[in-house]
Amino acid sequence: MKILHLDTNHELMLNQLNDLGFTNHEDYASSKEAVEVKISDYDGIILRSRFTIDKQFLDAATNLKFIGRVGAGLENIDCDYAEQKGITLIAAPEGNRNAVGEHALGMLLSLFNKLNKADREVRHGQWLREANRGIELDGRTVGIIGYGNMGKSFAKKLRGFDVEVLCYDIKDGVGDANAKQVSLEEFQEKVEVVSLHTPQTPLTLRMINSDFINGFKKPFWFINTARGKSVVTQDLVDALKSGKILGAGLDVLEYEKASFETLFSSELPEAFQYLIDSENVLLTPHVAGWTIESKERLAQTIVDKIKAKFC
């Protein structure tokens, strides 16, 4: 079988696939149109998020047997059409779930203790102790929306704290020893921290909007390490201004490009400028699952799944 690699990955991927007898070709620069011309020669493709795999691309890929996405989500692939064509879809949420769980916890603790703000002030000669008095996580109720690989990882990280962890998911029976699954009504009544861990689907697009936010009984802290387009940024900003949301840790943004590699090609939206200027907002560039260790685990997960299916 011939595999076309469209993004660079950990070296173990090419090495192990070669050892398994696959023929591996690399093309990290050609346009999507140029790849479409030759894609019929390949049985598999492996990519991160370089471009969208749509119907036109899939129609050109007449011999394609699998698509490996070196990441958790598959929103850059027309999954329904691929499956209609009998193409196996392979993702690797197991590969970076630990990284995401740690990043979410780090963002939350940084917000609670004003670490980012305090660091900037000390670097500028300001020693403002009372203004940087933090709050503690113990004793609070943490809510996780989406209790799959990523949500479960975050819940596991919370075991060392004296907190109640609730989860809400459209699937039944996903709760475990680390999080109690509850209805949306109970979730919105009790939680003080909301961490989002859902994939990007039609159900989750613009899910965190003013109606959803105002359904919570208590003001809450918000963490998003999932997908930016699940949040209406202007509604988030309005909630930050009103105090309904006490602070936000955002690893992803509504304005991201589909490749996740770049942000803006024009001037900043007003809502994003507010986030930039806010002391109770922490921003990172879609790197929650982007660690040294996860790069290796993601590659290994893809190789293991290809081996299990095709060897």
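Biologist: In which helix do R123 and D119 both lie, and how many residues apart are they?

Modeller: R123 and D119 are both in helix α6 (residues 115–123), 4 residues apart, about one turn of the helix. Helices (H or I, at least four residues) and strands (E, at least two) are DSSP runs, numbered from the N terminus. This is a predicted model, in which local features need pLDDT of at least 70 and side-chain atom pairs count only at pLDDT 80 or more, while totals for chains, interfaces and linings use all residues. Residues are numbered from 1 along each chain as its sequence is written, and side-chain values use heavy atoms, with hydrogens and water left out.

Biologist: What makes R123 and D119 a salt bridge?

Modeller: A salt bridge needs a side-chain nitrogen of Lys or Arg within 4 Å of a carboxyl oxygen of Asp or Glu. For R123 and D119 the N to O value is 2.7 Å, so the pair meets the definition. By this rule the count comes to 13 salt bridges.

Biologist: Why does R123 count as exposed?

Modeller: Buried means under 20% relative accessible area, exposed over 50%, and partly exposed in between (1.4 Å probe, protein chains only). R123 has 65% relative accessibility, so it counts as exposed. D119, with a relative accessible area of 34%, is partly exposed.

Biologist: What does the salt bridge between D54 and K32 tie together?

Modeller: The closest N and O atoms of D54 and K32 are 2.8 Å apart. D54 lies in the loop between β3 (44–47) and α3 (55–60) and K32 in helix α2 (residues 32–38), so the pair ties together parts that are 22 residues apart in sequence. K32 is buried, at 17%, whereas D54 is partly exposed, at 27%.

Biologist: Why is the pair of Y168 and F187 called tilted?

Modeller: Rings of Phe, Tyr and Trp (its six-membered ring) pair if their centres lie within 6.5 Å; planes under 30 degrees apart count as stacked, over 60 as edge-to-face and the rest as tilted. By this rule the count comes to 8 aromatic pairs. The ring centres of Y168 and F187 are 6.4 Å apart and their planes stand at 55°, so this pair is tilted. Y168 belongs to strand β7 (residues 164–168) and F187 to helix α8 (residues 184–190), so the pair ties together parts 19 residues apart in sequence.

Biologist: Are Y168 and F187 buried or partly exposed?

Modeller: F187 is buried, at 0% relative accessibility, and Y168 is partly exposed, at 22%.

Biologist: Why is strand β11 described as largely enclosed?

Modeller: Of the 6 residues of strand β11 (residues 245–250), 5 are buried, so the strand is largely enclosed by the rest of the structure.
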